[in-house]
Amino acid sequence: MLLEPRTSPQISRRSLLAGTAVALASVAVVACGSASPAPVATTAPAAAPTKGAGAAPTAAPTVAAKPTTAAQPTAAASTSTGSLTISFWSSLMGSKEAARAGLAKDFEAANPGMKIQHEGFFDIMQNNEKLLTAMVAGNPPDVVSNHYYFVSNYANANALVPLDPLMAQSKMADDLFVPSILQLGQWKGKTYALPIYADTMAYFYNVDLYTKAGLDPEKPAATWNDMIADAKKMTVRQGGKLVQEGMSVPQDASEDLSNMFYAMLLAGGGSFLSGDGKTAAFNDASGQQALQTMVDLVHTDKVTDIGFGQGLSGAATPFYDNKTGSRYDIPPTIFNISKYAPKLNYAISPLPAGPKGQATPVLAFEMFIPKGSKNQDNAWKFIAFAMTPPEQVKFNKTSNHLACEPEALQSDPFFTTNKYVKPFYESLIGFSKPFPITPAYADVLATLQQQLQAAVLAKSDVKTALDTAASYANDQLSKV
Amino acid sequence: MPAAEASLTSEGAVARKGSRRHPVLADQRRTGLLFVTPALVLFVVFSVVPVVYAFYLAFTDYRVLTPPRWIGLENFVAMAHDPVFWVAMRNTTYYAIGYVPGAMVLGLIAAVLLNGRIRGVTAYRTAFYIPVVTSIIVASIIWLWIYNPQVGLLNWALSLIGVQGPAWLYSTTWAMPAVIIMSVWKNLGYVMIIYLAALQGIPAHLYEAASVDGASGKDSFFKITLPLLKPATFFIFVISCISSFQVFGAVYVMTKGGPVNSTTTLVYEIYIISFQALKMGYGAAESVALFAAIFILSMVNFRLLGQDTEYI
């Protein structure tokens, strides 16, 4: 018998009152059970020193500038008053997992009795979503590590502990860090986050496919023209069907796509935002040229096809499977190749030069303290420990990323000699610029990625796509 | 009124009258309420309150980290002029139009086929139901591979008959049909189980009588089976319409709303607006619009299809 109609019994006033009483009692029990513990640890965010505006970073990094031992943080400077267990939420997973575990272990060894209680998120958005909920609930973790682009948004909402007073207290000077990397954790002149690792972009290419195409793998593409010519030579079709792409052009509305566009935008002399950070600048002639080059790679040069290899992951990723000649990429790919395609014969070189020379964006993963942290003293102690040059070296050697401090970068030959990491290091010190810094970035980025995809899939012309994204961006930037 | 229903109704009436005087029944009712209360409290705290709060947020500018600011109807005015919202609404309707009939027709066919006495019927029923209990994430990833233009099973199968398949998930034309096909495959088993239960509730003597009267199998299906499946069909239709307006997982994993917003559905748009752009107020306004759409759709369903439903 399906969906049999029923008559509902009536509820007497007395039983309703009894039920209500039980309900209220249950709520009271729940409420009592979640009463917040722990006194708030004392940190005194005094007036912070003023730095340059965070909105429009343009300064090139000067790694060789001044590594001084005087600038090193003294992690044990503050007296700890909070819990000995530090809750730590991070997206330091995958290629960073072993390095993060090592950092926690070192910290616990150096601070007997203290414990890092870690919760990991593979997806940076999940980390962000859970943190937002925790912040609003007034119960965030003590330390968080996530992509830099969330920092300005949190800072703009006054949700992070300013780190300048703590840095001063620990004698940690700004010049401990590569300037362009430090900027990624700053907003309106204050430092809210410090970088645990940095990534630039580089040109990955398959040595075997280069050789098979009659190219010299010792001389990878140096300019966009070389890159296009090499990609054409490495493109293989059988019976009209593409079986090997000369170069990968991302087609998802994803970070891969916007990263490639941004790298080419910089190489064309453009910038993401205007100098004051208040309007979009990516739709100027440089932006159009960058995106047109990407579109042409697919539709005119035909070095790949729509859908080729898209959505495949792990060992089936075309580059890992000897089916892609070259691609723009970031350091975590080194870890993935070692995991999924250890026999792949590949090499890495700095990105080919565009019309205005070479350029790469630099991004960082940051560590920061939410304002509601109940354990701010020890949270800072952990961050300061992670910023010591030996720990920076150890973390980034283990995870194949770039350390964020000149002294760390120069103290170990790994960064300057390892054949896979060296191109990223050279790009960092030679011609890197920070990714855009604005609270509206995540929102703007989503729209930009949709429009970039529309252009790459030939569903929109380049100018319309960029102007549409810029119009939306300007609207959002005006509200910051 | 059928006899069974009449007796039930009169029993109910007796019970109601008796409860006012009979201490045992009153005590049972109190006990029942006590058992229900914890679930009721959780439902109120975690469902009713958030829903009511979402209605409030729809009239505010709320960016999560700063307190909500009352802005009246601004979100709704902006929504009316937001092309992506209307694209999402159109895509959701497209999805529902493709998914609901697809799942219902194929689910009914599967149920009819597996209602007979065929060898290994339990294994077949299990096989059809496995996708229902499979995580949408896992199912979506499997279909990502199936749809891959180079190494995917689907294009390989098409190539055997001389057809060159498209880049399914990178085509603004084919991405939504691809999502619909996956969803139909995923939920077919659920529809099938409901229909199977309904089919097994149809008295055999009706078919015997039809057979004696010379009715063909086709006649029996259209004159007996389908009419008696009406309550189940109505239930499945309403549930499927509601769930189709809430599609999210498949879109999130397979297409991220792309290419070029061609698979951006309302719930996906609400997610992006709320959690990526952090415009919770605007996201709440879109949620209210979604609520209104589902509410109206359900009312129309009840009006058009539910009025003369007879429960057997």
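# Chain B overall

In chain B, 68% of the contacts with a separation of 6 or more are between residues 24 or more positions apart. Two residues are in contact if their C-beta atoms, placed from the backbone, lie within 7 Å. The model is predicted: local features need pLDDT of at least 70, side-chain atom pairs count only at pLDDT 80 or more, and totals for chains, interfaces and linings use all residues. Residues are numbered from 1 along each chain as its sequence is written, while chains are lettered from A and ligands numbered from 1 in the order in which they are written.

Chain B has 14 helices and two strands. Both are DSSP runs numbered from the N terminus: helices are H or I with at least four residues, strands E with at least two. The radius of gyration of chain B is 24 Å, whereas a compact globule of 312 residues would have one near 20 Å. That radius is taken over C-alpha atoms, and the globule rule is 2.2 Å times the number of residues to the power 0.38. Along the principal axes, the C-alpha atoms of chain B fill a box of roughly 65 × 60 × 30 Å. Of its 312 residues, 32% count as buried. Buried takes 20 or more other C-beta atoms within 10 Å of the residue's own; exposed takes 12 or fewer; partly exposed lies in between, with C-beta atoms placed from the backbone.

# Helix α6 of chain B

Helix α6 of chain B spans residues 136-146. Its buried residues are B:A139, B:S140, B:W143 and B:L144. Seen down the axis of α6(B), they fall within an arc of 145°, so they line one face of the helix. The arc is that of the directions from the helix axis to the C-beta atoms.

On the other side of α6(B), B:I137 and B:V138 are exposed.

B:V179 sits in helix α8 of chain B. With 28 other C-beta atoms within 10 Å, B:V179 is buried. Neighbours within four places in sequence aside, its contacts are B:Y95, B:A250, B:V251, B:M254, B:T255 and B:T263. B:G189 is 10 residues from B:V179 along the chain, and their C-alpha atoms are separated by 17 Å.

B:G258 and B:P259 are joined by a cis peptide bond, with omega about -10°. B:P259 lies in the loop between α12 and α13 (266-276) of chain B.

# A helix pair in chain A

In chain A, the axes of helix α17 (residues 441-456) and helix α18 (residues 462-477) come within 8 Å and cross at roughly 170°. The two helices are therefore roughly antiparallel to each other. Axes are lines fitted to C-alpha atoms, for helices over the stretch in contact, and angles run from 0 to 180 degrees between N-to-C directions. Under 35 degrees counts as roughly parallel, over 145 as roughly antiparallel, 65 to 115 as roughly perpendicular and the rest as oblique.

The contact includes A:L448 and A:L452 of α17(A), and A:L466 and A:Y472 of α18(A). Its residues divide into 11 nonpolar, four polar and one charged. Ala, Val, Leu, Ile, Met, Phe, Trp, Tyr, Cys and Pro count as nonpolar, Asp, Glu, Lys and Arg as charged, and the others, Gly among them, as polar.

# Positive phi in chain A

A:N158 has phi near 60°, a positive value in a residue other than glycine. It lies in the loop between α4 (151-156) and α5 (164-169) of chain A. A:N158 counts as exposed, with 10 C-beta neighbours inside 10 Å.

For A:N400, phi is near 60°. A:N400 is in the loop between α13 (389-399) and α14 (406-411) of chain A. A:N400 is buried, with 22 other C-beta atoms within 10 Å.
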